[in-house]
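Please look over the structure below.

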Amino acid sequence: MTKVTDPFAAAPQLMKQWMGVSLAAQESLEKSLIELVKIRSSILNGCANCINMHTAEARAKGETEQRIYLLSAWREAPVFSDRERAALAWTDALTMLSGGHTQKAAKDALEAHFTPEEQVNLTLMINVINGWNRLAVGFDLWYEVPAAKAA
């Protein structure tokens, strides 16, 4: 079994600052949108810890099971608003930069549905969740969340 590094114990001051940025970013836009972005980025990054955590948080904030399940195929699912689609496209474009710089269409949609300030806020949130994904995957983190009861 590998030893898991606890980033909060190893670098408490910097992690406290990182948490502050994270909390500020997630308060910058509507909660439902932020949760969708966190889950989508975590799916793309293969971060089981963050998928587990953020789907539980989304449910607690009123997100539906249907929309959570459909995030893997959001482009084909008719359950997301144009604003949410623009945010998800921007999330995909920035999370998958290694696939090539193809974010032009996503940027156009972003500009159509978000103010300049909201564009920056969303971009910062995407960067934050990508950072958390890398911490969780890199250090093999798992934070247990209470299991939801089956319907």
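The notes below go from the whole chain to a single side chain.

This is a predicted model, in which local features need pLDDT of at least 70, side-chain atom pairs count only at pLDDT 80 or more, and totals for chains, interfaces and linings use all residues. Residues are numbered from 1 along each chain as its sequence is written, and side-chain values use heavy atoms, without hydrogens and water.

**Overall fold**
- The protein chain has 8 helices and 0 strands (DSSP runs, H or I of at least four residues for helices, E of at least two for strands, numbered from the N terminus).
- The C-alpha atoms occupy a box of roughly 45 × 40 × 30 Å along the principal axes.
- Of the 151 residues, 40% are buried (under 20% relative accessible area, 1.4 Å probe, protein chains only).

**Helices α4 and α8**
- Helix α4 (residues 48-60) packs against helix α8 (residues 116-138) at about 125 degrees, with the axes 8 Å apart (lines fitted to C-alpha atoms over the stretch in contact, angles from 0 to 180 degrees between N-to-C directions).
- N49, C50 and H54 of α4 meet I129, W132, N133 and A136 of α8 (contact means heavy atoms within 4.5 Å).

**Residue D92**
- D92 lies in helix α6 (residues 82-95).
- Its relative accessibility is 3%, so D92 counts as buried.
- Beyond neighbours within four places in sequence, D92 contacts R40, L44, W74 and R75.

How values were computed. Buried < 20%, exposed > 50% of the residue type's maximum accessible area, 1.4 Å probe, protein only.
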